[in-house]
Amino acid sequence: MGQMSNAQHKTHTPPARIPRHVAIIMDGNGRWAKQRKRPRIFGHQAGVESVRGIVKQCAAKGIEILTLFAFSSENWRRPEEEVGLLMDLFLIALEREANRLHKNNVRLRIIGERSAFSDKLQRKITEAEQLTRDNTGLIVVVAANYGGRWDISQAAQTLAQQVAAGALELRDITPERLAAQLSLADLPEPDLFIRTGGEQRISNFLLWQLAYTELYFTEVLWPDFDETEFEQALNSFAGRQRRFGRTGDQVEQEACSNNAS
Ligand code: IPE
Ligand code: IPE
Ligand code: MG
């Protein structure tokens, strides 16, 4: 009986689809704090705890890459005090978490224009990246002073430089060559995008890389985004059909022939 139902399970239920790469806009920290009549930084601190939980869960599920939007190129527009406290928190989190991440075989990587950060923060970033560079587990990418438009324009600059130097022809500027100069060029594009906090926008996150990513929005504020909430997002992803421009029938046929072989 047990064997029978096992066999049935195999033929009728496709394997649960786990995204290789999850990208998250961790929004709602300020509102979470406000609800509790606490300063905004209290919400950002609580947000770090959520990060810890999600990193753990991603590693346990065999997700390969987790990209987190921590500070956008537009977040400098916030009150000076909040920006300063966020920078302090980034430094403290790096100091506290780097060793733990390393022990858990996580590779840490920071994307964005880091020259805007203090020397000390830049040094900590480099140290944490160096420490974890040979790890083979989950890759955690933190987008800090990152903007999708910045990413695309710096890629365009690199290609323009090559054209000016005579190393590249104008007609060789293709989507593939541009993509190869972007921050995450060596990694697969995100399969699942999550934004917490209720807003349904991209806010200059990975503009190019999200072209065919499945989008998931939730009202839940980032400090409340726990294991169950993440599970819900993963379930939503697992139930979707990704067509990449083709028809649903084509995608189903392909899945059948893949299963048969
Ligand atoms: C996201 O939370 C964290 C950062 C942008 C650094 P917010 O600080 O944007 O929280 P809300 O949107 O004001 O609630
Ligand atoms: C996006 O959140 C950036 C991060 C979460 C780091 P924001 O709170 O800055 O986005 P907007 O301003 O509401 O679009
Ligand atoms: Mg916000």
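Predicted model: local features only at pLDDT ≥ 70, side-chain atom pairs only at ≥ 80, totals over all residues.
Figure 1. A polar side-chain atom of D27 is 2.8 Å from an oxygen atom of ligand 1. R31 also places a polar side-chain atom 2.7 Å from an oxygen atom of ligand 1. From the backbone, a polar atom of G30 lies 2.9 Å from an oxygen atom of the ligand. Ligand 1 taken alone exposes 380 Å², of which the protein buries 86%.

**Figure 2. The shell around ligand 1.** The surrounding residues are M26, D27, G28, N29, G30, R31, R40, H44, A70, N75, R78 and L86. By class, 3 are nonpolar, 5 polar and 4 charged. Helices α2 (29–35) and α3 (40–61) each contribute at least two residues to this shell, and α2 gives the most, with 3 residues.

**Figure 3. Polar contacts of ligand 2.** On its own ligand 2 has 390 Å² of accessible area, and the protein covers 77% of that.

**Figure 4. The shell around ligand 2.** Around ligand 2 are I25, M26, D27, F69, A70, F71, N75, R78, R195, R201 and S203. The classes are 5 nonpolar, 2 polar and 4 charged residues. Strand β2 (residues 65–72) supplies the largest share of the shell, 3 residues. The space taken by ligand 2 is likewise the largest pocket.

Conventions. Residues numbered from 1 in each chain as written. Chains lettered and ligands numbered in written order. Heavy atoms only, no water. Near = heavy atom within 4 Å. Polar contact = N/O pair within 3.5 Å; in protein donor to acceptor, adjacent residues only side chain to side chain. Areas by Shrake-Rupley, 256 points an atom, 1.4 Å probe, with all protein chains shown as cover. Helix = DSSP H or I, 4+ residues; strand = E, 2+ residues; numbered from the N terminus. Nonpolar A, V, L, I, M, F, W, Y, C, P; charged D, E, K, R; others polar. 1 Å grid on protein atoms, 1.4 Å probe; cavity = no way out; pocket = protein on both sides within 12 Å on 5 of 7 lines; lining within 4 Å. Sits in = over half its atoms within 2 Å of the grid points.
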